[in-house]
Amino acid sequence: MKKLISVLIIMLLALFTVGCIEKVDNKEVTIDENQVESNDVQEQVTDNTKFVSFKGEDMEGNEVTEKIFSENKLTMINIWGTTCPPCINEMPYIEEINNEMKDSGFELIGVVAGGKASKIDAEDIFNKLDLHYRNLLLDDKYLMALKVQYVPTTFFVNSEGEILGEAHIGAISKEEYLEIINGYLEK
Amino acid sequence: MYLIKLLIYVWSVSELANKRKIIQGITTFVYNFNLKGFFTGEIYTGKLKNACVPGLNCYSCPGAAGSCPIGALQSILGNYKYQFSFYIFGFLMLIGTILGRFVCGYLCPFGLFQELLYKIKSKKFKIKRVFVYTKYFILAIFVIALPLFHTNVIGLGDPAFCKYICPAGTIEAGIPLVLLNKPLQGIVGWLFGWKLFILIVFIIGSVFSFRPFCKLICPLGAIYSLFNKVSVFRYAFDEAKCINCNKCVETCKMDVIPHLNVNDIECIRCGECIEVCPTNALTQIVVLGDGKKNEEIN
Amino acid sequence: MKKRVALILLAVFMMVFGIYRGEMAVVFNKAVNICLECIGIG
């Protein structure tokens, strides 16, 4: 019996030590130009905080930065996960929203959690659902800087790259999205 | 290191039953050593989450350092690319073959939680043996069938056990996340209320009955129980030494009859029957190949 | 008995095969991106 106990203790202590080493990797990354300090205690992303500066790719491999916000009056950033059913369930109707609203200076842009590692699955899903809105592959460090932990999370960003209102966590209905979008476009 | 010296000291002065509690406590701490998460409200996202811990510990718990095997199983079965999980079933088979339900008795935080609640003084009730089979039903339907077959438009299945039932998830992940993250407080809905209700039922139940979740619901316990008959670490009964005093039957809180079936599916290896047997007819042994290595409880 | 050793070896083989075909990556993805509905909030 003593042997079993000591073996178990050694295993557990070993795990613990490995875990401490692992923790060093998990330190949050501070990104230079962006104004959201990721080492701060949990803050809500509030009115007129700038969306983090980023560099990533779209699904075709073109480089994309925060300059895309200047292309539209209002950009809806929808962060989703390839294994998240609620995220996927809302994607067909946010595609509809994009089609209906894009002539009003609005654009929906998806960001898939996991970045490049999720590219194949993201493409697969976009094909299966016949989606055509832009989708970006960003490194997870940008999501951490935005304090995004849950999917789906949706941000509304103006043409100056400022986040309007609060991050929307969880999926909401098409009507609720349209209400919010129209509300921001009127301003 | 000071910590090791302290552990060794505490170890040498405790009785066997307390030794088990100590291991359960250490286990809970090790599974959740991302203590920082409880202050920031953020979960650990490091590479260790590629691996599962052997016991039930929600991977959305801010402190969790590894993945939950039942959560992982549902996520793979629910994924449209897979109909079976070699990784998780292999892992469960590995742990089951070596430890069987020792995991339940030593390496599960939610088991520890229920046992601590049971210590509260009250009238105690037993659960009829026939009901222990509901956990196999829960395993079959909520962990396996629903994720496989209840799928959305692209074939992603619902992790039904995590979503609708698991109280370990509610107390380790649901409640801490909601308490620590203001944005979440605005979006809790009926599902959270339902899971809170289930958690409360099991908290109250655990005071009046020993480990009701483990007996009735736990799909992980259901899987490991299938390995009790073949596990490397197991119990043995020597008929020749038995004097039919039935002390083991009186002691067993899982309603097992040790002198009849010492590797019963319900035995979580707490070791109390072994402690209480006056003639050492019950022992813990280690069996690997053909040879038997006897290890007696001291 | 020998069947224990066989079971352990089979288990290890299954785990390796599962990792090879990408199952571990799915577990990781699900474990670090919280889907609130999946854990019962909402």
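## Two domains in chain B

In this predicted model, the C-alpha centres of domain 1 and domain 2 of chain B are 27 Å apart. Domain 1 of chain B runs over 2–225, and domain 2 of chain B over 234–295.

Where these two domains meet, domain 1 of chain B gives 14 residues to the contact and domain 2 of chain B gives 12 residues.

## Chain B as a whole

Stepping back, chain B contains 16 helices and 3 strands. Its C-alpha trace spans about 60 × 45 × 40 Å along the principal axes.

Why does a radius of gyration of 20 Å agree with a compact globule for chain B? Because a compact globule of 298 residues would have a value near 19 Å, the 20 Å of chain B fits. Of its 298 residues, 52% count as buried. Among contacts in chain B with a separation of 6 or more, 67% are between residues 24 or more positions apart.

## Where chain C touches chain B

Now for the partner: 29 residues of chain C are in contact with 44 residues of chain B. On the chain C side, α1 (2–20) and α2 (23–32) each supply at least two residues. The largest share, 13 residues, comes from α1(C).

What is this side of chain C made of, in nonpolar, polar and charged residues? There are 20 nonpolar, 3 polar and 6 charged residues on the side of chain C that touches chain B.

Notes
Residues numbered from 1 in each chain as written. Chains lettered and ligands numbered in written order. Predicted model: local features only at pLDDT ≥ 70, side-chain atom pairs only at ≥ 80, totals over all residues. Contact = placed C-beta atoms within 7 Å. Helix = DSSP H or I, 4+ residues; strand = E, 2+ residues; numbered from the N terminus. Nonpolar A, V, L, I, M, F, W, Y, C, P; charged D, E, K, R; others polar. Domains from an automatic or database assignment. Rg over C-alpha atoms; globule rule 2.2 N^0.38 Å. Buried ≥ 20, exposed ≤ 12 C-beta atoms within 10 Å, placed from the backbone.
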